[in-house]
Amino acid sequence: MRSLWLQVVAVTAINLKSISQRLWLSLSTVMAVALVVVVLLTFLAMANGFRQTLDGSGSDDIAIVLRGGSQAEINSTVSREQVQLLEEGPGIARAADGKPLVSSELYLVVNGIKRSSQTKANLTLRGIGEQGAALRKDITLTAGRMFNRGSNEIVVGKSVAQEFEGFELGRTVTFGSGRWAVVGIFSAGGTVFESEMWADLSVVQSLFNRNNYFQTVRARLVNPASLAALKSYNDGDPRLKLDVKSEAAYFAENSAATSDLIRKLGWPLAIAMAFGALAGALNTMYSSVAARAVEIATLRAIGFGGFPAFVGTLTESLLLAAIGGVIGALATYFIFDGFTASTLGGNFTQVVFSFRLSPALIGQGVVLALAVGLVGGLFPAVRAARMPIVAGLYA
């Protein structure tokens, strides 16, 4: 047994040293595998960044209320009477003056122009109540001031100002039948709220002719456990029958659909490209076996078995694939990690997010690369192990 493994080590070393004799062919295999890994990891980093942006937006102590059966704010309606009933519900925190910490909101879609492509895109204009900003975490004005109640003023999320034209501080924009002054820029800790614009609820209702209803109600809970009491209160009153869930659960549901779609696009594309890389790997390894035919036959003639030739050829293929996987992972990290983009979210408006590459995702890319190397080296390795001595010497 010890002799067998010494043979394996010796043959593997000979294989690896001979890579320089097939340098360009080997490099083509490495780069093909690297490209496959880049494509896969780019999609996975995109999905991961989108999910992190939305998942980090929600809080367990904030309840979000939508019309029963609505999957998104844009499809929801909540009446004034229902809002008043909710404000009297159990588990809702109250301010020092006794008022419930509740924000009734309108969610509207308006147009913007992407800086990168100069194309139109849907943006979120949200009308918020007095408690609207306070019911969101990590909200900080980075420039300007908050809008005045009763005026045509908006504050713009940092991501909107960066990714879309015309929303700089001091600019005037036109939405609906009104013109709006940009009086502030706010950050929200990298959450989805940075992709929104906020204005006074009553002004938005008036200018967009939506005076009789809202779309979303946010409420601060006494504690996360209070959500159960609020749900029970809602289910027990036939005048309500709304969907009540934590803000964290709402954003988790919204992120899952889009991030899953991105991953489902990325994996098939990467696998399709992997077949191309596999063809390159097979070509490289068959060429390797053919170039070493005399060498393999000579080793077999002096007593080496077929197993060392099998292991040596397979190891060479796996090494080339591993190098390609590492290069692809590094390229994706340096080019795309932290790259900012925007895509449609669950409410059919743009969500600005950053690509996020994690160690777990890198591991998936390297595993795919090794799979290409394993399959690409397996058949040439079998051929090397079974090569007849006479045929090899004549080659």
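The model is predicted. The chain has 395 residues, of which 50% count as buried, and its secondary structure comes to 11 helices and 14 strands. Among contacts between residues at least 6 apart in sequence, 78% join residues at least 24 apart.

**Nonpolar cores**

- The largest nonpolar core holds 41 residues.
- Within this core, the residues that touch the most other members are Leu 125, Ile 154, Val 156, Phe 167, Phe 175, Trp 180 and Met 197.
- Strand β3, residues 102-113, supplies the largest share of the core, with 4 residues.

**Surroundings of Ile 154**

- With residues up to four places away in sequence left out, Ile 154 touches Leu 125, Phe 147, Val 173, Phe 175, Trp 180 and Met 197, among others.

**Helices α2 and α10**

- The axes of helix α2 (residues 23-55) and helix α10 (residues 359-386) come within 9 Å of each other and cross at roughly 150 degrees.
- Angles over 145 degrees count as roughly antiparallel, and α2 and α10 are therefore roughly antiparallel to each other.
- The crossing of α2 past α10 is right-handed.
- On the α2 side, the contact is made by Val 33, Val 36, Val 37, Leu 40, Leu 41, Leu 44, Ala 45 and Asn 48.
- On the α10 side, Leu 361, Ile 362, Gln 364, Gly 365, Leu 368, Ala 369 and Val 372 take part.
- Sorted by class, this contact has 12 nonpolar and 3 polar residues, and no charged ones.

**Gln 205**

- Gln 205 lies in helix α5, which spans residues 201-207.
- Residues under 20% relative accessible area count as buried; Gln 205 has 5% and is therefore buried.
- Apart from neighbours within four places in sequence, Gln 205 is in contact with Arg 80, Leu 106, Arg 210, Asn 211, Tyr 213 and Phe 214.
- Gln 205 and Leu 106 are 99 residues apart along the chain, and their C-alpha atoms are separated by 7.6 Å.

Note on methods: Residues numbered from 1 in each chain as written. Predicted model: local features only at pLDDT ≥ 70, side-chain atom pairs only at ≥ 80, totals over all residues. Heavy atoms only, no water. Core = buried A, V, L, I, M, F, W, Y, C linked by side-chain atoms within 4.5 Å. Buried < 20%, exposed > 50% of the residue type's maximum accessible area, 1.4 Å probe, protein only. Helix = DSSP H or I, 4+ residues; strand = E, 2+ residues; numbered from the N terminus. Contact = heavy atoms within 4.5 Å. Axes fitted to C-alpha atoms, helices over the stretch in contact; angles between N-to-C directions. Parallel < 35°, antiparallel > 145°, perpendicular 65-115°, else oblique. Left-handed = near helix turned anticlockwise from the far one by under 90°. Nonpolar A, V, L, I, M, F, W, Y, C, P; charged D, E, K, R; others polar.
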